[in-house]
Amino acid sequence: MLTNENIFSSLSFIFVSSLIKYSSNKMRLCSQCSAGKKMVNRDTVGTNTTCDKCSPGFYNDIPGNETCRSCPIGHYQNEEGIPYCIGCIPGKYQTEEGKKECVKCSSGRKFNSSVTVGISAFNCLACDKGQYQTKEGSISCIDCVPGKYAASFGTIKCDDCNDDEYQPK
């Protein structure tokens, strides 16, 4: 007799069995490596096959894949066994694939706020004349206070005006 319970049970088995292989007597035979891991020592019988976590800088978002992929430019992954990469936050960038951290914009620079993911050092803009920034990884520059100036772009400090000069604000 066909009941809702029988139908649900059959559908559950079909769904699960698409991920896990079973023998005719319903004993579990094989399974896939989960996302964040890759298959190693694969052989045709499967007795030596194991799963290893993806290394930092790499990810695997598809269960059963045999390899981990490099995190793309502008992204990083600093943990092992994670199925995704993380985009560099404002104030940081990454120009290479497969990295476990992002690089901070240098002092005297600010992150370009019109960019969503930092993929280049060019995403870090020099502070304008009259501004400075002492910290790395900043998203803004600081205006020089009256009596001080920054005569060039990308300055990390403001200089004092000479005694016979002033900096209006």
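Let's start with K157, which pairs with D159 in a salt bridge, their closest N and O atoms 2.6 Å apart. By salt bridge I mean a side-chain nitrogen of Lys or Arg within 4 Å of a carboxyl oxygen of Asp or Glu. Side chains of opposite charge can pair when their charged atoms come close.

A word on the model. It is predicted, so local features need pLDDT of at least 70 and side-chain atom pairs count only at pLDDT 80 or more, while totals for chains, interfaces and linings use all residues. Residues are numbered from 1 along each chain as its sequence is written, and side-chain values use heavy atoms, with hydrogens and water left out.

Back to the pair. K157 is partly exposed, at 48% relative accessible area. D159 is also partly exposed, at 30%. The cut-offs: buried is under 20% relative accessible area, exposed is over 50%, and partly exposed is in between (1.4 Å probe, protein chains only).

How many salt bridges does the structure hold? Four. Another one joins E96 and K99, with 3.5 Å between the closest N and O atoms. E96 is partly exposed at 42%, and K99 is partly exposed at 31%. Then there is D61 with R69, at 2.4 Å, N to O. D61 has 37% relative accessibility and so counts as partly exposed. R69 is partly exposed too, at 34%.

Next, N60. This residue sits in the loop between β5 (58-59) and β6 (69-70). Strands here are DSSP runs (E, at least two residues), helices are H or I runs of at least four, and both are numbered from the N terminus. Is N60 buried or exposed? Buried, because its relative accessibility is 0%. Its side chain reaches the backbone nitrogen of I62 at 3.1 Å. The N60 side chain also makes a polar contact with the side chain of N65, at 3.3 Å. A polar contact is a pair of N or O atoms within 3.5 Å; within protein, one must be able to donate a hydrogen and the other to accept it, and residues adjacent in sequence count only if both atoms are side-chain atoms.

Now K135. It lies in the loop between β13 (131-132) and β14 (142-143). K135 is exposed, at 58%. Beyond its neighbours within four places in sequence, K135 is in contact (heavy atoms within 4.5 Å) with S106 and S107.

Finally, the whole chain. It has one helix and 16 strands. Buried residues make up 23% of its 169 residues.
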